[in-house]
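I opened this entry to keep track of what I looked up, in the order I looked it up. The sequence and the structure come before my notes.

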Amino acid sequence: MRFFIDLWGYFKSRRKFWLAPLILILTFCALILLFGGATGLTPFIYSLF
């Protein structure tokens, strides 16, 4: 939780709000790849790439 507070503080102080969507998309893709192999999401992963 501390990481997200520090990240938000960085965004506020440096005014780099354009990085937030990029980080969210990369995190979402990483979660799909991490958990996608063990669930029924595997066919959808291939359609993304």
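I started with the term I would need: a salt bridge is a side-chain nitrogen of Lys or Arg within 4 Å of a carboxyl oxygen of Asp or Glu. I also noted that this is a predicted model.

**Salt bridge**

I searched for salt bridges and found one in the structure. Asp6 pairs with Arg2, and their closest N and O atoms are 3.5 Å apart. That distance is within the 4 Å cut-off. Arg2 counts as exposed because its relative accessibility is 57%, and the cut-off is over 50%. Asp6 has 42% relative accessibility, so I logged Asp6 as partly exposed.

**Overall fold**

I stepped back to the whole chain. I read three helices and zero strands. Along the sequence the pattern is α-α-α. Of the 49 residues in the chain, 10% are buried. I noted an accessible surface of about 4,400 Å² for the chain, with 75% of it belonging to carbon and sulfur atoms.

**Helix H1**

I returned to H1, which covers residues 2–14. I wanted its span. H1 has 13 residues and runs 18 Å from its first C-alpha to its last. That is close to the 18 Å expected at 1.5 Å a residue. Just after H1, I found Arg15 with a positive phi of about 55°.

**Nonpolar patch**

Which residues make the nonpolar surface patch? I listed Met1, Phe3, Phe4 and Ile5, with a patch area of about 520 Å². I followed up on Phe3, which lies in H1. Is Phe3 buried or exposed? Phe3 counts as exposed, because its relative accessibility is 55%.

**Largest pocket**

I looked up the pockets last. The largest pocket holds about 200 Å³ of space. I wrote down its lining: Phe3, Phe4, Leu7, Trp8, Phe11, Ala20, Ile23, Leu24 and Thr27. Which element gives the most? H1 does, with five residues. I marked Phe3 and Phe4 for a cross-reference: they are among the residues of the nonpolar patch, and they also line the largest pocket.

Methods:
Residues numbered from 1 in each chain as written. Predicted model: local features only at pLDDT ≥ 70, side-chain atom pairs only at ≥ 80, totals over all residues. Heavy atoms only, no water. Patch = residues over 30% accessible without salt bridge, like charges linked within 9 Å, V, L, I, M, F, W, Y side chains within 5 Å. Areas by Shrake-Rupley, 256 points an atom, 1.4 Å probe, with all protein chains shown as cover. Helix = DSSP H or I, 4+ residues; strand = E, 2+ residues; numbered from the N terminus. Buried < 20%, exposed > 50% of the residue type's maximum accessible area, 1.4 Å probe, protein only. Expected span 1.5 Å × (residues − 1). 1 Å grid on protein atoms, 1.4 Å probe; cavity = no way out; pocket = protein on both sides within 12 Å on 5 of 7 lines; lining within 4 Å. Points joined across faces, edges and corners; volume = space filled by probe spheres on them.
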